[in-house]
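Here's a quick briefing to read alongside the coordinates.

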Amino acid sequence: IPATTLAMVLLRRPRSAAAVAASPRVAVVRRPRPHPTPTTDRPPDLAVREPVVAFVALGANLGDAQAALARAMDALDRLPHTRVTARSSLYRSAPVDARGPDFVNAVVRVSTRLPAPTLLDELQQLEQAAGRERPYRHAPRTLDLDLLLYGDASIDSPRLTLPHPRMHERAFVLVPLAEIEPSRVTLQALTAVAGQRIERIG
């Protein structure tokens, strides 16, 4: 027998109207299609994430430090889902736990939808872009960016501690922070660092 495709056709004799009426009726129920379950590893949509107010300290004591801080402030304002909402004056301060010439310092307030670890990554990339090197601890810096506060978050991890653990020991942080956000700095804290040399320069 040659290999052919066989089709079977089943012929049914039409039933009479009485037979159709006597046969039981079957109800057809259509079930709705289940919605796909969202995956838990999908990255969050930052566009709909509630913004958080964060504070970043800036410092530099190599090269044209004032120009470096001005560029860094502009770069912070260009970060994704982030806007600089306040900038302090520039201050000159003596190095604290560091070497080299005097520092130029400032603090900015930002509104950001980035998670704190992601914001930290962005700050470190800006430091690298400015030529930041770490040949040894407390080395002079072309640019230093420290995340001071991220809303009311309290974080203690190997990479990030918030609030910044030493911010209340440093006049170059507290003085510019008090300028743009007085509610974040107490008079007692300012008094405790009054002996550290710092002056406003612009």
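This is a predicted model: local features need pLDDT of at least 70, side-chain atom pairs count only at pLDDT 80 or more; totals for chains, interfaces and linings use all residues.

Residues are numbered from 1 along each chain as its sequence is written, and side-chain values use heavy atoms, with hydrogens and water left out.

**Confidence**

- The average pLDDT (the predictor's confidence in each residue, from 0 to 100) is 83 for the protein, and 74% of the residues score at least 70.
- Residues 1-12 sit below 50 in pLDDT, and beyond near neighbours in sequence this stretch makes zero contacts in the model; a contact here means heavy atoms within 4.5 Å.

**Overall fold**

- You'll find five helices and eight strands; these are DSSP runs (helices are H or I, at least four residues; strands are E, at least two), numbered from the N terminus.
- Along the sequence the pattern goes α-β-α-β-β-β-α-β-β-β-α-α-β.
- Of the contacts with a separation of 6 or more, 68% come from residues 24 or more positions apart.
- Buried residues account for 36% of the 202 residues, where buried means under 20% relative accessible area, exposed means over 50%, and partly exposed lies in between (1.4 Å probe, protein chains only).
- The accessible surface is about 13,800 Å², with 54% of it belonging to carbon and sulfur atoms; areas come from the Shrake-Rupley method with a 1.4 Å probe, and for residues only the protein chains shown count as cover.

**Nonpolar cores**

- A nonpolar core is a set of buried Ala, Val, Leu, Ile, Met, Phe, Trp, Tyr and Cys residues joined through side-chain atoms within 4.5 Å.
- The largest one has 31 residues, and L58, L69, L76, V108 and L147 have the most contacts inside it.
- At least two residues of this core come from each of β1 (52-60), α2, β4 (103-112), α3 (116-129) and β5 (144-150).
- The top contributor to this core is α2, with six residues.
- Apart from it there's another core, of 17 residues, including F55, L148, L174 and L177.
- Setting aside neighbours within four places in sequence, V108 touches A54, F55, V56, L58, M73, L76, V84, A86, R87 and I180.

**Helix α2**

- Its 13 residues reach 19 Å from first C-alpha to last, close to the 18 Å expected at 1.5 Å a residue; the expected span is 1.5 Å times one less than the number of residues.
- Which residues of α2 are buried? They are A65, A68, L69, A72, M73, A75 and L76.
- Seen down the axis of α2, these fall within an arc of 165°, so they line one face of the helix; the arc is that of the directions from the helix axis to the C-beta atoms.
- The cover over the buried residues of α2 includes β1, β2, β4 and α3.

- In α3, 14 residues reach 20 Å from first C-alpha to last, close to the expected 20 Å.
- Buried in α3 are A116, L119, L120, E122, L123, L126 and E127.
- They cover an arc of only 160° around the axis, which puts them on the same side of α3.
- Q128 and A129 are exposed on the other side of α3.
- Cover for the buried residues of α3 includes β1, α2, β4, β5, β6 (155-156) and β7.
- Eight of the 10 residues of α4 are buried, so α4 is largely enclosed by the rest of the structure.
- Those buried residues of α4 are A171, F172, V173, L174, P176, L177, A178 and I180.

- Most residues other than glycine have a negative phi, and most peptide bonds are trans.
- H81 isn't a glycine, yet has a positive phi of about 60°.
- H81 lies in the loop between α2 (65-77) and β2 (82-87), and is partly exposed at 37% relative accessibility.
- The peptide bond from L162 to P163 is cis, with omega near -10°; P163 is in the loop between β7 (161-162) and α4 (171-180).
- After α3 comes G131, with a positive phi near 85°.
- R197 is in the loop between α5 (187-192) and β8 (198-200), and is partly exposed at 46% relative accessibility.
- R197 and S93 are 104 residues apart in sequence, but 5.8 Å apart in space, C-alpha to C-alpha.
- Beyond neighbours within four places in sequence, R197 contacts R92, S93, A94 and D102.
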